[in-house]
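Welcome to a short tour of one protein model. Have a look at the structure below, and then we can go through its sheets, salt bridges and surface together.

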Amino acid sequence: MNIPSPFLVLVCLIFVLNGQGRTRRVEGKVNVHIVYMGEKQHNDPGMITDSHHHLLAKIVGSKQKASELMVYSYKHGFSGFAAKLTESEAKKIAELPGVVRVIPNTLHRLQTTRSWDSLGLSYESNSNLLHNSSNGDGVIIGVFDTGIWPESKFFDERGLGPVPSRWKGVCKSGEKFNATQHCNRKIIGARWFIDGFLAEYGLPLNSSGQTEFLSPRDANGHGTHTASTAAGSFVGNVSYKGLAGGNARGGAPKARVAVYKVCWNLLGGQCSSADILKAFDEAIHDGVDVLSLSIGFGIPLYADVDERDGIATGSFHAVANGISVVCGAGNDGPSAQTVQNTAPWILTVAANSIDRAFLASITLGNNKTLVGQALITRKENAFTGLLYPESHGLDPTASAICQALTLNGTDAAGKVVLCFTSMSGRIAITSATSAVREAGGVGLIVAKHPSGALYPCPGDFPCVEVDYEVGTKILFYIRSTRFPVVRLSPPKTVVGKPVSAKVAFFSSRGPNSVAPAILKPDITAPGVNILAAASPLDEFADNGYVMHSGTSMATPHISGIVALLKALHPTWSPAAIKSAIITTARTAAPSGLTIFSEGSPQKLADPFDFGGGIVNPNAAADPGLVYDMGTSDYAHYLCAMHYNNSAISHLIGNLTKCPLQKPSVLDVNLPSITIPSIRTTPIVVTRTVTNVGSPNSIYEATIEPPSGVLVSVKPEFLVFNSTIEKISFQVTISTTHQMNTDYLFGSLTWTDKVHIVRIPLSVRTEMFQPYGNDY
């Protein structure tokens, strides 16, 4: 008996679906729309799905047609469905009772060994969070990404007990993925969601030329890397091309992994909101404890209650069910107002480098040695010719721009080529490598913005990255001698105090463009040159491992730490865990050195770069006080943002009526205070802290006011005992500035001489208030 391949079935399915929609396209173009109906009204999934089909049938004429057009029924975490609709059908269904909104499906994008030791989570220690939480044993981390490569050693189940009995999820077989063989006590769940993407993309899965699998198997490698970073098992003697050697593991090495493949290896890595919402719906039902999403959406952002975002809505329902949601801040830095995933219930992560570098010597023919960074493995070469391709037209630098490198008419064969670029990503390096290789060159020196993130050249071509200062010195040498030569030495791994942690050049920055009074990002974590598991299909993989940079890599670091905190404090809410992480963060590197932020120019890091600071997991395990929040606090925020009562009620699941006098967004109980605009009248904000330390404690306030800003706290002492666990306090902020369009930064710290509970203060003074009286 001949069984058709999954790919053939998929092609036929798309053909059939397209054929069924042909008559309706006469009325208008058919697209996937998300019909959002808010919090579910009862707990019978079958009845909820039936009600969705019944509702759709009212518009399209029959239950059979409704079933054909239905893409997903959301029935666990919230209520709603995704369906293929014309614009006129979408408008009609939006008018039906119980429908909150109908919006079009949209696309999201991927945010593309030493790090745990640098955070104080050494496996050798028996007194840190890793040890005290039993390595996160029993906690389940759900990863929304491109899937998983299950054969990686990072997903070995040895040493793990039975799958937690509360787990309700499933492992689904598919193309090149066998549930029985590839799921185990480590990978306890694996699903994939593609219907929303395919209905919008309109082409067969592999039509782009990129390899992909209709299953949880990861063709891209991004998901494998993030999952292994969050929860990878211990793997000994790991390195990347001989660099960064040591033992590797994830943040919570005994946590379990549930894979939700929502992103696909097409168009650079795309994920549809309809698929993301379905993954949230299932994950809430399955019983995950933490959700890790290295996924974002470009500027401009959607509103918090707009399902086109998908992440904001889905994460609200997850947090309401006690699930922490960790998301990347984005890779659009260093520009301001580029931070993504800004909803206050999300834990948003920026990226920093760690105390490790891969230093490569560049020796010039004049015996001067300069230093760059590289990920090359070839042996040291002898002195060879060095070329900078000069232009002779009106623009003398045109030929030597890396991303448009022109070597025509030059004698590049057998030489190392120098080029300059203002681009911070991989494209310029890849393009320049191709040009040099094609011209017969033997090496490449790329001068670029100072940045710790490294990108290996394709095919292990020898290339070294330098900053503009070093690049200019090399250029001056080339121009000063008739026969310039250079010798490139292989890099050496350097760790410890000589290398200071910095907020990465690419890491997206605040302030928050949706709600400027809500500080984002929340925290920063290692996200530069992170060594973790790879898909063998990744062209940069080396024996199953790869080194990548991005807030995508920083996000699973925080997800792993959240898993450890969940294991240690299973009753803490997502907001309490988020607060513990923010208020205990470091504002100086573990070495004691100042934290800088890469950019143009480099500067001291501030809360819009790193939120509370660099995550300090061991301190977060015992924060003393937390700024806790629940559904009522998020309702306060939504009312302050002027979202209407109906939208808020459906999102929360209870009838909510905002007060006639809108509450202030400044009073949302966050572990930060951000004042986007202050004039002559003092502003008073309220916060409430919960004691999670010793019952009998006295905390005293210490203020570091922003320059020219007056800050006072009332009361100045917080006295807790066995009956008083929560205390509210007021912070009064005024300014002596007449006008200052730049933010100024300070902090408010509570201490009982054991715990240090610090929140950042950010204040901007203006002569006018562009936001009216919203604050």
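## Ground rules

Contact here means heavy atoms within 4.5 Å. Axes are lines fitted to C-alpha atoms, for helices over the stretch in contact, and angles run from 0 to 180 degrees between N-to-C directions. Helices (H or I, at least four residues) and strands (E, at least two) are DSSP runs, numbered from the N terminus.

This is a predicted model, in which local features need pLDDT of at least 70 and side-chain atom pairs count only at pLDDT 80 or more, while totals for chains, interfaces and linings use all residues. Residues are numbered from 1 along each chain as its sequence is written, and side-chain values use heavy atoms, with hydrogens and water left out.

## A sheet with a helix across it

Let us begin with an open sheet of 4 strands, with antiparallel pairing in the order β11-β12-β5-β14. Two strands pair if DSSP finds at least two bridges between them. At the edges stand β11 (263-264) and β14 (295-296), each of which pairs on one side only. The antiparallel pairing of β11 with β12 (residues 270-272) spans 2 bridges, and C263 has C271 in β12 as its bridge partner.

Which strands does helix α11 lie across? They are β5 (107-110), β12 and β14, and the helix runs at about 70° to β12.

## Salt bridges

A salt bridge is a side-chain nitrogen of Lys or Arg within 4 Å of a carboxyl oxygen of Asp or Glu. The whole structure holds 20 salt bridges. For burial, the cut-offs are under 20% relative accessible area for buried, over 50% for exposed, and partly exposed in between (1.4 Å probe, protein chains only).

One of the salt bridges joins the side chains of R256 and D137, at 3.4 Å from N to O. R256 lies in strand β10 (residues 256-261) and D137 in the loop between α7 (129-132) and β6 (140-145), so this pair ties together parts that are 119 residues apart in sequence. R256 is buried at 2% relative accessibility, whereas D137 is partly exposed at 38%.

Back in helix α11 (residues 273-286), E282 and K278 are 4 residues apart, which is about one helical turn. Their salt bridge has its closest N and O atoms 3.0 Å apart. E282 is buried, with a relative accessible area of 8%, and K278 is buried too, at 7%. Salt bridges with shared partners also link R191, K278, D281, E282 and D286 into one network. Elsewhere, K520 and D522 form a salt bridge with a closest N to O distance of 2.8 Å, and both residues are buried.

## A second sheet

β35 pairs with β37 (residues 726-735) in the antiparallel sense over 6 bridges; V709 has T735 in β37 as its bridge partner.

F717 belongs to strand β36 (residues 717-720) and is partly exposed, with a relative accessible area of 44%.
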